[in-house]
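Q: Can you walk me through this one? I'd like to start with one residue and then jump around a bit.

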Amino acid sequence: MNRRRCATAAITVVCALTVLASPAQAAFAAPTPPVTTPAPAPTPSAHPSGKSLEQVRREIDTLYRQAASATDAYNLADERAKKQSAEIVRLAQAIVDGQAQIEDLKNRAGAAARAQYRNGGIPDEAKLVLTDDPQLFLNGVGRLQQGQKATKDLLAELKQRQDDLEAYTKDASAHWTRLEANRIQQAKTKKQIETKIAAAKKLESQLETAERERLLRMEQDEQARAQTAWLGSGVLKDVAGSASPEGKKAIAFATAQLGKPYVWGAEGPGSYDCSGLTSQAWAAAGTGIPRTSQEQWRLLPRIAVEDMRPGDLIIYHADASHVGLYIGDGAIIHAPRPGRDVTVAGAGSMAILGVVRPDK
């Protein structure tokens, strides 16, 4: 109950609105309009570029959205590169092991050949076949057959090991090629991210302090309107699930990160990006999940909004470029974007793509 009150209070601060309870739906009744001090009217040219403050806000938002999408692409490429590196190490070890096995088989085959040479080119089994003793003859036939089979199997195994070694070598080469391609893609993506974030920061830096404050209020107002509309739709009226033990641990971890800055590509402990926060929260709960929001959306079990419970992940935007951890009462904990800190926000303050459950 204390968490529910904290979450609701945090949404009130973030969204600048008050959600009033009603007998039918105490936690999610339609909120009353926020009471705010009217902001001064924008000047015709609120930015050196001549754009209005609203145009600047939307441009900044677009740049950060594009950076978020590029960040996810970078994180995914980085994750795949790490997996490929591990696979290359495995293949290299397999090659070493295969070479050792081949050397062992060669030594064994050489020992058999040397033994045959010492006997004048006639194996012991063949000599026994020439005996006049019927029992020794039968025993010799059996040993001869066994020896022939052993030699045949030995040579077949040698050939198979050689073929496996060649296949491992080709696989290693293919993996190296993909790794290098991913590294190139990572470099390009990283440059795109840095360029977009720098452009957004430059736009913001050109604003006066009062304008930056108004920009933040405009951002909060838009989130508040979206959250109000979402709550007013009644989408949460049937949501009554409680967090699983693992979900509670994930929420506790995320709560402990409140106030830490957003840094793209970061997975803690001092800073996070959106999916870095959710993946680490669930790792703390003992459940490994994909690193990026796009992979979380693609690979984790999907849940209907009306069936979601605290601990579930809400994926945002059509490209699945953002994610937050649902904590109940229509609230999430998330890392919003560069220049913002890990915070509590309204779950409906952004465009929801869907919900996934890490521990289903």
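**Chatting through the model**

Q: Let's start with K170: buried or exposed?
A: K170 is exposed, with a relative accessibility of 62%. On this scale, buried is under 20% relative accessible area, exposed is over 50% and partly exposed is in between, using a 1.4 Å probe and protein chains only.

Q: What should I know about the model itself?
A: It's a predicted model, where local features need pLDDT of at least 70 and side-chain atom pairs count only at pLDDT 80 or more, while totals for chains, interfaces and linings use all residues. Residues are numbered from 1 along each chain as its sequence is written, and side-chain values use heavy atoms, with hydrogens and water left out.

Q: New topic. How many residues does the largest nonpolar core have?
A: The largest core has 26 residues, and W282, L313, L325 and I333 have the most contacts inside it. A nonpolar core here is a set of buried Ala, Val, Leu, Ile, Met, Phe, Trp, Tyr and Cys residues joined through side-chain atoms within 4.5 Å.

Q: Which elements give two or more residues to this core?
A: Those are α6 (245–256), α7 (274–284), β2 (313–316), β3 (322–328) and β4 (331–334). Helix α7 gives the most, with 4 residues.

Q: How many bridges join β2 to β3?
A: 4 bridges, and the two strands run antiparallel. Strands pair if DSSP finds at least two bridges between them. β2 pairs with β6 (residues 352–356) too, again in the antiparallel sense over 4 bridges, and there L313 stands opposite V356.

Q: Which residues of β2 are on one side and which on the other?
A: L313 and I315 are on one side, I314 and Y316 on the other, and all of them are buried.

Q: What does H317 do in the hairpin of β2 and β3?
A: H317 takes a positive phi near 70° there, and the hairpin has 5 residues between the strands. H317 counts as buried at 13% relative accessibility. D329, in the loop between β3 and β4, has a positive phi of about 55° although it is not a glycine.

Q: Why does the pair tie together parts apart in sequence?
A: Because F253 lies in helix α6 and Y272 in the loop between α6 and α7, 19 residues apart in sequence. F253 is partly exposed at 21%, whereas Y272 is buried at 2%. P269 is also found in the loop between α6 and α7, and the peptide bond from G268 to P269 is cis, with omega near 0°.

Q: Last one: which side chain makes a polar contact with Q296?
A: The side chain of T278, at 3.2 Å. A polar contact is a pair of N or O atoms within 3.5 Å; within protein, one must be able to donate a hydrogen and the other to accept it, and residues adjacent in sequence count only if both atoms are side-chain atoms. Q296 lies in helix α8 (residues 293–299) and is buried at 0% relative accessibility.
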